[in-house]
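Colleague: I should like to learn how to read the features of a model, one at a time. Shall we begin with the structure itself on display?

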Amino acid sequence: MDGPPEFRTLVRRVRRQEPLDAEWKNISYQVYERPGGEGSFSERIAVLQTSLAQAGVPWLQVLAQTRVADKAALRVMLAQVVREGGEGLMLHRADAVWQTGRSDVLLKLKPQQDAEAVMVAHEAGKGKCRGMLGAIVVMMPDGRRFRLGSGLNDAVRLASPAIGSTVTYRYRDL
């Protein structure tokens, strides 16, 4: 599939009980890391490219890696990916050795927007937030309502804003 895949179409093809060869010819398996591999990220990518080229399996490909010169070039690339339907970028330090788990050598970069909504209700916390605010229910200017809870700190959870307050929130997609 060229460009960002149409996720629903891909899932439908993969889940089909009787696969259709014609549909699978447009699907590739993109490899982007060599877990546990020796050397820097750049060296591991080079090994992957050599290995997969020697394997000669056309649907097995190394995901293209692009270096950017500066923050301005990064912003341009992010905007292009989002325009084409992508969610964001993964940023990897070229000199990084293999690490498992989260680290500061591999970061997600996604655009965030912000907006305002009016708080219309409180929801009690559960689990570690028991006895505190769990979430607030807000209403957008068009009347849509939703809950905000992720990202609230303990100070807000203990002394929540009053019903009717306008709150600013950040989001990626609505």
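Colleague: Which residue just after α4 takes a positive phi?

Modeller: Glycine 85 does, with a phi of about 100°. Please note that this is a predicted model, in which local features need pLDDT of at least 70 and side-chain atom pairs count only at pLDDT 80 or more, while totals for chains, interfaces and linings use all residues. Residues are numbered from 1 along each chain as its sequence is written, and side-chain values use heavy atoms, with hydrogens and water left out.

Colleague: How is the span of helix α4 to be read?

Modeller: Helices (H or I, at least four residues) and strands (E, at least two) are DSSP runs, numbered from the N terminus. The expected span of a helix is 1.5 Å times one less than its number of residues. Helix α4 has 13 residues, 71–83, and should therefore span 18 Å; its end C-alpha atoms are 18 Å apart, in agreement.

Colleague: What does aspartate 70 reach at the start of α4?

Modeller: A side-chain oxygen of aspartate 70 comes to within 3.3 Å of the backbone nitrogen of alanine 72.

Colleague: Which strands pair with β6?

Modeller: Two strands pair if DSSP finds at least two bridges between them. Strand β5 (residues 113–124) is joined to β6 by six bridges, and the two run antiparallel; methionine 119 has valine 138 as its bridge partner. Strand β7 (residues 145–148) also pairs with β6 in the antiparallel sense, over four bridges. The hairpin of β6 and β7 has five residues between the strands, and there glycine 143 takes a positive phi near 95°.

Colleague: Why is β6 described as largely enclosed?

Modeller: Buried means under 20% relative accessible area, exposed over 50%, and partly exposed in between (1.4 Å probe, protein chains only). Six of the seven residues of β6 (residues 133–139) are buried, so the rest of the structure largely encloses this strand.

Colleague: How many aromatic pairs does a search of the whole structure find?

Modeller: A pair of aromatic rings is described by the distance of the centres and the angle of the planes. Rings of Phe, Tyr and Trp (its six-membered ring) pair if their centres lie within 6.5 Å; planes under 30 degrees apart count as stacked, over 60 as edge-to-face and the rest as tilted. The search finds two pairs. Phenylalanine 146 and tyrosine 169 are edge-to-face, 5.2 Å centre to centre with 75° between the planes. Phenylalanine 146 lies in β7 and tyrosine 169 in β8 (residues 166–171), so this pair ties together parts 23 residues apart in sequence. The rings of tyrosine 169 and tyrosine 171 have centres 5.7 Å apart and planes at 40°, so that pair is tilted.

How values were computed. A polar contact is a pair of N or O atoms within 3.5 Å; within protein, one must be able to donate a hydrogen and the other to accept it, and residues adjacent in sequence count only if both atoms are side-chain atoms.
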